[in-house]
Amino acid sequence: MAYFGNNQQRGELQELYADLNDLNFEKKKEAIKKVIAYMTVGKDVSQLFQSVIKCLEFQDIEMKKLIYLYIVNYSRQKPDDAIMVIQNFRKDVRKSENPLVRALAIRTFGCLRVPKLNEYLIEPLKDCVQDDDPYVRKTAVLCVPKVFEVSPELCPALLEQLQKLLEKESNALVLANLIQSMREIEVVKGKQLIVLNPKIIQKLLLAIDECMEWGQIFILDYLATYDPVDSKQAEIIIERTLPRLSHINPTVTFCAVKLILKYLDYLNNGDLVKNLCKKISPSLISLLSWNQPEIQYTILRNISLILQKFPILFENEVKVFFCSFNEPYYIKYEKLDIMVRICDSKNFHQVLNELMIYINEADPHFVRKTIKSIGKIAVMYDKALAEAVSILVEFAKNVQQANEAVQELFIQMQIIYRKNRNLYKTNDSLKILFSIIDYANEPEAKSACAWIIGEFAEFIPKSVEKMGEYVDNFILEDRLVQLQILTSGVKLYIKYPSLCSALIQQLINSAKDSFNPDVRDRTYIYWRLLSTDPEIVKNLICYVAVGSSQFQKDIRLWETKDLITALENMGSISNLFHKLPNQLYKNIKVRNNNQQEVKIYKADEKSEAPSKEQEIKKDDQIQQQQQQQQLKQDFDLLNFEEPVSNNNNNNNNNNNNNNNNNNNNNNNNKIDVYDLI
Amino acid sequence: MISSLSFINQKGEILIYRVYKDDISRNEITQFCAKMIATKENKEFPIINIDQTSFIHISIKDIIILATTKTDVNVAMVLEFLYQLVLIFFDFKSKICKSYFQGNLDENCIKKSFVLIYEILDEVLDYGIPQIADPNLLQKFIQEGGVQQETTINIEKLRQLTFTLTGAVSWRPIGLYYEKNELYLDIIESVNLLISAKDTVLRAEVVGSIELKSKLTGMPECQIGMNDKLLMGKQQKQTRQTIGISIDDMKFHPCIRLPKFDKDRTITFIPPDGHCQLISYRISENINIPFKVNVFYSEIIDNKLEIRLKIKSIYDNNIYGTNVLVKVPVPKNTVNAITATALGKARYEVEEQSVIWRIKKFQGDFETSLRCEINLGATNKDQVWSKPPLRMEFQIPMFTASGLRIRFLKVMEKAGYKTNKWIRYLTKGGEYLHRL
């Protein structure tokens, strides 16, 4: 029987109407199936409401299910007609001996979501929460949040009932549903509802062993938000959770990992912590090679958090994150990202060797990411520099067309040169880069090229000619490129004043009328400076600078203070996007954590205190100081400028201009700071 | 939790649409479908968040199963649930509705059996919260197809059913009886191997599963013993044969008593009726790599390439590997290939872009080789060939790459019947890769 005919004729609804009112039971049933089919494809069959609900008088459970489905779908459109169903529901709930029918009725009743119907629902619902049959109870328990969402004012008595049930319920499945539904209410209400005491915790722990996988997830998820009172309690809960690490459902395992990781903070036995880490690590690694890529992906997205707080877990495990040839790209991207995070001064050789293979893959986007990763490693670890650069140079030698990956190559090489200016002496990277410079076509890559030409003009043959090309096309370029061409052009002029005088003239001519204020202002500043005293310009823009502290070594995703909250929410959607729940969802409030200090679990364990954190802070401070100095210089420069700029057509513009310049220089500064993420 | 579930076909049309919460409109889903069809990116990432609405999906062949939610749910749980949902449908296909889900989960099947699907969706999720997702259980009270009608009338049986549904041993119904009591164990291992171009082993790993098929009467108590190092270490006598293997990680079917395993590493359980995956495990130490491959690419003249390949089997010579297949990648501009080998057949297959060498039976401790001469066309010559790895597929019965063995399998039931027990071993090639 084809229910999805495309050729619905005008009379079809009438026909259905006739069939629904037919005395023949089979005909009715067929008609209802057709109605549901229309509903699925999005056709409006709400007119048939009355005829459909008349069929409820039959006790056939299959038909009942279909009719309930229909009612749930249209009850909000037809609240007045829906009232007529109430009697049927109440009869089912109270009189039926069949627990399946009772459960079905109470479930559907809850889904009606019509406020004025809910008052009829409260009484039967109260009965069902106390039903003898656990199947009915578990359904009724879930019905409470449904009612609460629509009419919270009716619920106080019900909520009390739930709390009592939490004390006395013995069935594991009901208990798990109870926890979950109370949590749903907590989200809507914004207030804590579940009050845990040692007895209830004991009960929940027992229930974990008995209920189905989903129930286990609810309970583990909930317990992960609980703060144990002391080390002893944490130990007991962890002990009861440990077996879950071997559950076949990856989510159960993952929730258990989450709970244990969170509770580690409360343990005061160092050896136990180490032992637990040893047990968790293999389970996590199994999850990482899970055969369902989507699940693997979600776990991978959470690894950065674990890596930040528990580096110990993946010590010596970098191989786990090697990409295999046939994986979906979203997994490869994540793995690349993690490989950079996990890379340190010990294993960089291994990582770079692996990245070297990826560089030959077919997908340019993936290769691009690989190159970016190699660049990051080169900047982060001085020891890795030579090896990383040689891989990039090897890649550059084989470039035959302009693609994404090549663009990234220029960008990364620029950053590497900025940090290690003397690199050009040790290998022929400059020459090879220059030979493929025409392949740069993205603004960022072009600006990188322009910078390289300006910076290393002396060591590149034909640098002036190449700059001439850039100047010729100046107007067509992106703002970013224009700014860099200006700076590099001036650098060239200072290096070869006689050779480049025509070039700089042409450059200033085309730049001074630019529509972009940044470009225009920078042009004027350079122009004035050059006409006043080229020596100042030389000191200013040809400085050999950039101490290594300006390249952030820090690749943390999370603020240290957020780590615990993030850990509690591990596995959630917000965490997947590397955010806290309240950053993604406006209506969610995050619990405050009482803990002052965030422990970081490192492999070499001796000093658990966050020594690394302080180090990084120090770095930050130095960096800030340097930036301030730089800014001060800029201001001095502006003061120096002011009297001269009277020539400007518009005096009012003056202040704006200054501001702009200020920004401008800031921007310039920012480019120097290596932006890692 | 989950706000809605929908099944979507390749054209982006909604086939099945079930709402569990009010906070999502059909419109949003239609818009998402349109986007997903239009851009590749949406299809690639399994989770997408637009204006606080999260779209989580998996694809099974041409069908996309999409869950939406507006709350901060546990993503892995939703995904795992979707996968189990697919399993349920496949199970229903094979057991109840042979006329429905024939073969695959495709558009026609879904359209034909939408009533059944709605009924299942109604039961597996309530208010978007996963409930009962065990196929065996669901079949007990899903009505479509006319099965089990009788139980739903008898109130006493219904009591039993709801007791099973919510009880601690929910995977096994009470009162089963078989004339012959039989228990089958299949140990299936797939070897994931990655060898670098310099012949060093980058990764060697066995992912194994123990599949159980049981036809047993009553409520039997079973116990399995493996040559697990941690378990063997506890026993007193340590002879050469009792040195066990070390298992990195094991995952168990819900029926296995986890606390008991945690305490003394014994695996005890009451088996579900019929087929299930009892244990899955991962081993990365001391793997017996079954095949050693040597490959040389050498360019004779400009448009000719010579490939020489040598394979040696490293397992006992009374064991045979079957259906061995070696995929030797060749450049895109290959015109044809001349192959010469003593064993099996090899030929160039255009759609795979490789020379495929098939060997039906490969004896243990045996070496064979293949020589190919590849003629390259002049076109696309400049393009760099991103050498994909050489891959192998194979099956070796009665061999485990990890060395895992079942030492005993006990069945205890109060009726005290005799059980026929069967154990089989099989090693397969998983991601068996050799970089060039």
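The entries below go from conventions to whole chains and then to single sites.

**Conventions.** I note that this is a predicted model, where local features need pLDDT of at least 70, side-chain atom pairs count only at pLDDT 80 or more, and totals for chains, interfaces and linings use all residues. Residues are numbered from 1 along each chain as its sequence is written, chains are lettered from A and ligands numbered from 1 in the order in which they are written, and side-chain values use heavy atoms, with hydrogens and water left out.

**Chain A, overall.** I looked up the secondary structure and found 34 helices and 0 strands in chain A. Helices (H or I, at least four residues) and strands (E, at least two) are DSSP runs, numbered from the N terminus. Of the 677 residues in chain A, 58% are buried. Buried means under 20% relative accessible area, exposed means over 50%, and partly exposed is in between, with a 1.4 Å probe and protein chains only. Accessible areas come from the Shrake-Rupley method with a 1.4 Å probe, and for residues only the protein chains shown count as cover. Among contacts in chain A with a separation of 6 or more, 70% are between residues 24 or more positions apart. Contact means heavy atoms within 4.5 Å.

**Chain B, overall.** The count for chain B is 10 helices and 23 strands. Here 55% of the 436 residues are buried. Chain B exposes about 19500 Å², and carbon and sulfur atoms supply 50% of it. For contacts in chain B with a separation of 6 or more, residues 24 or more positions apart account for 68%. I also noted the division of chain B into domain 1 (4–138), domain 2 (182–288 + 399–434) and domain 3 (291–397). Those bounds come from an automatic or database domain assignment. The C-alpha centres of domain 1 and domain 3 of chain B are 41 Å apart.

**Helices H15 and H16 of chain A.** How do the axes of H15(A) and H16(A) cross, and at roughly what angle? Helix H15 (residues 270–288) and helix H16 (residues 293–309) have axes that come within 9 Å and cross at roughly 140°. H15(A) is therefore oblique to H16(A). Angles under 35 degrees count as roughly parallel, over 145 as roughly antiparallel, 65 to 115 as roughly perpendicular and the rest as oblique. The axes are lines fitted to C-alpha atoms, for helices over the stretch in contact, and angles run from 0 to 180 degrees between N-to-C directions. From H15(A), A:Leu284, A:Leu287 and A:Leu288 meet A:Gln296, A:Ile299, A:Leu300, A:Ile303 and A:Ile306 of H16(A). I sorted the residues of this contact into 7 nonpolar, 1 polar and no charged. Ala, Val, Leu, Ile, Met, Phe, Trp, Tyr, Cys and Pro count as nonpolar, Asp, Glu, Lys and Arg as charged, and the others, Gly among them, as polar.

**A:Lys279.** This residue lies in helix H15 of chain A. A:Lys279 is partly exposed, at 45% relative accessible area. Not counting residues up to four places away in sequence, A:Lys279 touches A:Leu242 and A:Leu245. Its C-alpha atom is separated by 9.5 Å from that of A:Leu313, 34 residues apart along the chain.

**A:Glu334.** Is A:Glu334 buried or exposed? With a relative accessible area of 7%, A:Glu334 is buried. The residue is found in helix H17 (residues 329–342) of chain A. Leaving out residues up to four places away in sequence, A:Glu334 touches A:Tyr297, A:Leu300 and A:Arg301.

**Positive phi in chain B.** I checked B:Asn286, which is not a glycine but has a positive phi of about 50°. B:Asn286 is in the loop between strand E13 (274–283) and strand E14 (291–299), and counts as exposed at 66% relative accessibility. B:Gln353, not a glycine either, has a positive phi of about 50°. B:Gln353 is in the loop between strand E18 (345–349) and strand E19 (354–363), and is partly exposed at 31%.

**B:Pro397.** I placed B:Pro397 in strand E21 (residues 390–397) of chain B. Beyond its neighbours within four places in sequence, B:Pro397 is in contact with B:Ile319, B:Tyr320, B:Thr322, B:Tyr425 and B:Leu426.
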